[in-house]
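Visitor: I would like to know what stands behind each label that gets used here. Please set the value against the rule and then conclude.

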Amino acid sequence: MNPIPDLRQTPLHAAHVSLGAKMGGFAGYDMPLYYADGVMQEHLWTRAQAGLFDVSHMGQIVLRGEGVFDLLERLTPSVFKSLSPMAAKYTVLMNEQGGIIDDMIVTRWGETEAFIVLNAGCKDKDIAWITSHVTAGMTMQILDSRALLALQGPQAAAVVRDVMGLDTTDLPYMRMRIVGEVYISRLGYTGEDGFEISIPQDQANKVWQDLLMDPRVKPIGLAARDTLRLEMQYCLYGHEIDDTTSPLEAGLQWVMRKTEPVCIGAARLRHEMRDGVKRIRVGLTLLEKGVAREGAIITDSDNNQIGSITSGGFSPSLQQAIALGYVTPALAQEGQHVCVVVRDRVIPARITRQAFMPAKTKTKEKAL
């Protein structure tokens, strides 16, 4: 299979092609969408065993210097100064209008060091935005010589122990450990227990192949990664969140400091905290056959438009159609009945505010 012209490749591109992956463009990269088993089986395998994802297209940077966490508390609505060493936090980069430039994971390496993982499609603009606010004495290191793997699923910890020789028994959720040149973080975007593993590019193929030799592990493409995050109601940049969306609209108020916002874009946040938002992100469970995709209209019982779908698909775990979207706050209550218009067909749906699947992330790992 020939690579798509003008698309970048991760260090594992040849490995994906050799496995017969269906490749496609994503965020400027030629990426595996799915492998021989197909999206449904890849999704269910991750929920039951351990799925291995190549996420090397994402950005990895390190910020160093005095005032790094003051800077991050200006660029995001979150608090980092009280974060323990090697603890990670999900947050969002803010623009002057109170919109979201990107969502990202920040790990506090020490008093003056932060390791940050950025979305692939946003990493160039993120780096430019952060760089424009860096002050004297700070440096940014772009780790473009590192690959990033995600191993997700209930067997992930056992596989990491048996294959990589890393005991994660005492590694809690949202914590990182550095072992030699390996940065291993207990987190992910599937709702399962699992890890993101940052390694030098020249080690990526060996680690990838070693992990796939374990019968509990299968390669998983981006299509199943999307259905897995959809079941958890996790945001995808460019769909649920963008540079016009505020954290409060997106239901991400939990990333915000408890006191009055002081970050870039704080004026909008203060206004929305005082007067409320005009729309809010919700989940929807479709009650009849049909799949609602991005852009589908959401209506009330009187056929008045109250919002639209931002992501939707068929849930392999639940065997029914689910979606995410924005609606007017008055109709955002759990269990509220609404309708979704799919190809001129009106499908009844129910607002589902909680994740469609229970999270299985762990704060403490039982002995394996």
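Guide: Take Q233, which is in contact with R281, V282, G283, L324, T352, R353, Q354, A355 and F356, its neighbours within four places in sequence being left aside. Contact here means heavy atoms within 4.5 Å. This is a predicted model, in which local features need pLDDT of at least 70 and side-chain atom pairs count only at pLDDT 80 or more, while totals for chains, interfaces and linings use all residues. Residues are numbered from 1 along each chain as its sequence is written, and side-chain values use heavy atoms, with hydrogens and water left out.

Visitor: Why is Q233 called buried?

Guide: The relative accessible area of Q233 is 9%. Buried means under 20%, exposed over 50% and partly exposed in between, with a 1.4 Å probe and protein chains only. Q233 is therefore on the buried side of the rule.

Visitor: Where does Q233 sit, and what makes its side chain count as being in a polar contact?

Guide: Q233 is in the loop between α7 (222–231) and α8 (266–275). Helices are DSSP runs of H or I with at least four residues, strands are runs of E with at least two, and both are numbered from the N terminus. A polar atom of the Q233 side chain lies 2.6 Å from the backbone oxygen of Q354. A polar contact is a pair of N or O atoms within 3.5 Å, one able to donate a hydrogen and the other to accept it within protein, and residues adjacent in sequence count only through side-chain atoms on both sides. The 2.6 Å distance is within that limit, so the pair counts.

Visitor: What is the nearest side chain of opposite charge to D54, and how far away is it?

Guide: That side chain is R225, 9.7 Å away. A salt bridge needs a side-chain nitrogen of Lys or Arg within 4 Å of a carboxyl oxygen of Asp or Glu. D54, in strand β3 (residues 50–54), is therefore listed as buried without a salt bridge. The side chain of D54 does make polar contacts with the side chains of H16 (2.8 Å) and S56 (2.7 Å).

Visitor: Which pair has its N and O 2.8 Å apart in a salt bridge?

Guide: E240 and R229. E240 is in the loop between α7 and α8 and R229 is in helix α7, eleven residues apart. Both E240 and R229 are buried.

Visitor: What makes R270 and E260 a salt bridge?

Guide: Their N to O distance is 3.9 Å, so the pair is within the limit. R270 lies in helix α8 and E260 in the loop between α7 and α8, so parts ten residues apart in sequence are tied together. R270, at 32%, is partly exposed, whereas E260, at 54%, is exposed.

Visitor: How do you know that R274 is exposed?

Guide: Its relative accessible area is 60%, so R274 is over the limit for exposed. Its salt-bridge partner is D275, with the closest N and O atoms 3.2 Å apart. D275, at 49%, counts as partly exposed. Elsewhere, salt bridges that share partners join R47, E192, E231 and K360 into one network. The count of salt bridges comes to 23.

Visitor: Why is L63 called buried?

Guide: L63 has a relative accessible area of 0%. L63 is found in strand β4 (residues 59–64), and its contacts include V68, L71 and L72.

Visitor: What makes helix α3 mostly covered?

Guide: Six of the eight residues of α3 (68–75) are buried, namely V68, F69, L71, L72, E73 and L75. Their cover includes β4, β5 (88–94), β6 (100–110), β7 (113–118) and α4 (123–131).

Visitor: Which residues form a nonpolar patch on the surface?

Guide: M40, L44 and F314, with about 210 Å² of accessible area together. Areas come from the Shrake-Rupley method with a 1.4 Å probe, and for residues only the protein chains shown count as cover. Patch members have over 30% relative accessible area and no salt bridge, with like charges joined within 9 Å and nonpolar side chains (Val, Leu, Ile, Met, Phe, Trp, Tyr) within 5 Å. L44, in helix α2 (residues 38–48), is partly exposed at 31%, so it is over the 30% threshold.

Technical notes:
Lys, Arg positive; Asp, Glu negative; His and termini not counted.
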